Amino acid sequence: MFRNYFKIAIRNLLRNKGFSAINISGLAIGMASAMLILLWVQNQLTFDRWYAKADRLYKIYNRDRIDGEMFAWPNTTKPLAPAIKNYAAVEDVARFNNRTFLLTVGETHLNSAGALVDTGFVRMFDLPMAYGNAGLGNPGNIIITSHLAQALFGADDPLGKSIRIDSDAYFKVTGVLKDLPANTSFKFDYLLPWSYAKTIGFDDDIWGNHSLYTYVLLKPGASQSAFDDQIKDLAVEHTGHKEAYTLFTQPIKRDYLYSKQVNGKLVGDRIHLVQLFITIAVFILLIACINFMNLSTARSERRAREVGIRKVVGALKGYLVGQFIGESILIALISFVLALMITRISLDPFNLLIGKNLAIQYDNPAWWAFAAGFILFTGVLAGSYPAFYLSSFQPVKGLKGTFKKVGALVSTRKALVVLQFTFAIVLIICTLIVERQIKYAQERSAGYDRRNLVYTLFQGDFARHYQSIRSELLNSGAAVSVTATVSPITRQWSDGWGYSWAGSSDADKKLDFIHLGCDANFLMTMGATLASGREIDVYKYPTDSTAVMLNETAVSQMHLSHPIGLSIFDSDNQSRVWHVVGVIKDFILESPFEKITPMLIEGPATPDGLGVMHVKLNPGRDQVGDLAQAQQIVRKYNPQYPADFLFADEVYAEKFAEEQQIGELAALFAGLTVFISCLGLFALAAYMAENRIREIGIRKVLGASVTSLTAMLAKDFIWLVLVSFVIAVPIAWYAMDQWLGNYNYRVNIGWSVFALSGGLALLIAIITVSYQSIRAALSNPVKNLRSE
């Protein structure tokens, strides 16, 4: 019996090659799209969940009232880990701080990102070792990744060999880690023991310096809530301030997906994006299955007599349902093979788009179990409606060809097409709004001039030779202005609160300020604008080492009317007093989608230290030549380190990367959805033309023109798109209003985006159905009426 069913299925596929090709290709594209999305979803859902002790690992967070609102953040203080290490519930604790050092082996110099960690870090997370020891108990040990081992030692065994860190510290390789998988939050090429933090002066006992992450491994059976109660007021106990921040933990398994803070609580962040793309995958697959239903039932007349004959000779409805579902599973299997080929071809471009390294794990039995389930699910989903519909034909009507009930049947199919186009229009609207939001933020004034602005970090002997480098850059003509700052103009590296001034209140001590800092020529180098007073210049005014410039937002939130000359006191160091010399107009340091926050641009006495040199290249000369000259000057004074300069405009453009990725993915899947939906519309047009072929013949005999017949057939589909549009608009508006609610600086959702989306969907629908409409209108009426 099964062999007979298989033969019939193959014969039907070969007999209707065109419809079979559309059926299989539509399903294949839908299945391939769903597989790509689900590969990304799997990556996201397994993030930081693969550690052997993940159920007992936690990340420590802080909570405090900042700028009048409760706020939670993950950066912790250095003395926290030692303070909780001996708690009864704690099995181990580790600090983690990303650092970049120059690594040297022989003549190989590599500026590489690593991390300072406590000794038990590798064992806590059970990071996979390639070979060697996972311990960092000896202050002179270093653990490197396989990738770094290849870069520094080639094919040689690195164990026991030395690596020079910067210019004066040597570490012995005691272990080599396997390269970390893509679904981990940790990004490093090597691990250094925390003892080196003391050597370089990074370690301290300050409970107000939040500069690293702290992870804790609780003992089996220990309660997270009980531990949170223990550590909650640690900062209060050690600082003596009743208003100090509190502490709590977040399970490592939840941290990646639930890291957005709202009013001091950690809620969904990336998980919402995951849920969104799961929904998109389900709907794309559903739309592809709807196409299968429409295409299968559109050719129902060809199978009506077959069903009638089978029923006459005794076939039960259940057997017929099984036959048709079996055929759909066979088509799903063929489609899956094609989908797998599409997925393999598309995976590299897709990885490039999302910035991941996803791969299909063919050696994993779970993958093949998923594949079998995916094929079965798709086959049953796609074949259920056609199977029950075709098997319900009455034998007499099926043999006579009078089984069709156009009104009821088309109503069902129209509902399916409305569902398809509703989802397609929603995605089109979302894509347009995302693009407009990105453009809106890109056109927002940054408040400074990014053209010809480059920067490089202080490393090695750079700080000691900064004045010589600065002078030579200016004298060479390659630069028109130079300034040193705490962080790049495109990044926030430091912030703090606890400041007071004349007329300030206790609540003002919780006002958070970004720290930037500079030595001189900040305005000319950055192209920023002075609002009042003057800028910092320690070369002209030596006392400017403790001077400070405020941005306009700081002046507003400090409630100052005349800020120039004001003294600002730092609670962490009462002897440090900053005097305001100028007010600078607001500029964007962080996200262009967010509001600007208060900023202190301090003089060189800033406790954060000046660590970045910004250079305004000469706009009247060749940029490439000036940059090469600047690099040559830096190498002259700091020969052991690479003279890497970054362009401010390129780094600023990276701020839009996440939104652009969402927009590109939305556009990609919107395009695929529209394409698959058009296949469904094509199927419905074919069905309608087939069912009205005799009516068309009669109308032509009575004098109807091709144009009128085409319009008559096409108008039946226009209202489907209009209904889809009416349903899609409120759904898309609500979804995008929720998404835009995440941004302080957001575009307004205007009516034009809906009109454009509706017009585009209508145009696509008209083009799709025109072929079948014109083809039916041009058909020979004599041939169509011959059987009457």
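**Figure 1. Accessible surface and overall make-up of the protein chain.** The accessible surface of the protein chain comes to about 35,200 Å². Carbon and sulfur atoms account for 57% of that surface. Areas come from the Shrake-Rupley method with a 1.4 Å probe, and for residues only the protein chains shown count as cover. This is a predicted model: local features need pLDDT of at least 70, side-chain atom pairs count only at pLDDT 80 or more, and totals for chains, interfaces and linings use all residues. Residues are numbered from 1 along each chain as its sequence is written, and side-chain values use heavy atoms, with hydrogens and water left out. The chain has 25 helices and 25 strands. These are DSSP runs (helices H or I, at least four residues; strands E, at least two), numbered from the N terminus. Of the 788 residues, 51% are buried. Buried means under 20% relative accessible area, exposed over 50%, and partly exposed in between (1.4 Å probe, protein chains only). Among contacts between residues at least 6 apart in sequence, 78% join residues at least 24 apart. A contact means heavy atoms within 4.5 Å.

Figure 2. Strand E8 spans residues 169–177. Seven of its nine residues are buried, so the strand is largely enclosed by the rest of the structure. Two strands pair if DSSP finds at least two bridges between them. E5 (residues 129–132) pairs with E8 in the antiparallel sense, over three bridges. There, Met-129 stands opposite Leu-177 of E8. E6 (residues 141–145) runs parallel to E8, with five bridges. E7 (residues 162–165) is antiparallel to E8, with four bridges. Ser-162 stands opposite Lys-172 of E8.

**Figure 3. The E7–E8 hairpin turn.** E7 and E8 form a hairpin, with three residues between the two strands. Asp-166 lies in the turn and has a positive phi of about 55°.

Figure 4. Most residues other than glycine have a negative phi. Asp-48 is not a glycine, yet its phi is positive, at about 60°. Asp-48 sits in the loop between helix H2 (17–45) and strand E1 (57–66). Asp-48 is buried, with a relative accessible area of 2%. Asn-263 also has a positive phi, near 55°. Its loop connects strand E12 (260–262) and strand E13 (265–267). Asn-263 counts as exposed, at 55% relative accessibility.

**Figure 5. A nonpolar surface patch that includes Leu-333.** Leu-333, Val-337, Leu-338 and Met-341 form a nonpolar patch on the surface. Together they have about 340 Å² of accessible area. Patches are made of residues with over 30% relative accessible area and no salt bridge; like charges are joined within 9 Å, and nonpolar side chains (Val, Leu, Ile, Met, Phe, Trp, Tyr) within 5 Å. Leu-333 belongs to helix H12 (residues 317–354). Leu-333 is partly exposed, with a relative accessible area of 41%.

**Figure 6. The salt bridge between Arg-491 and Glu-654.** The structure holds 17 salt bridges. Each is a side-chain nitrogen of Lys or Arg within 4 Å of a carboxyl oxygen of Asp or Glu. Arg-491 and Glu-654 meet in one of them, at 3.6 Å, N to O. The pair links distant parts of the chain, 163 residues apart. Arg-491 is in the loop between strand E15 (479–485) and strand E16 (495–496). Glu-654 is in the loop between helix H20 (648–653) and helix H21 (657–691). Arg-491 is partly exposed, at 31% relative accessible area. Glu-654 is partly exposed too, at 49%.

**Figure 7. The salt bridge between Asp-461 and Arg-464.** The two side chains meet at 3.6 Å, N to O. Asp-461 counts as partly exposed, at 33% relative accessibility. Arg-464 is exposed, with a relative accessible area of 62%.

Figure 8. Arg-746 and Asp-737 meet through their side chains at 3.2 Å, N to O. Arg-746 is partly exposed, at 27% relative accessibility. Asp-737 is partly exposed, at 23%.
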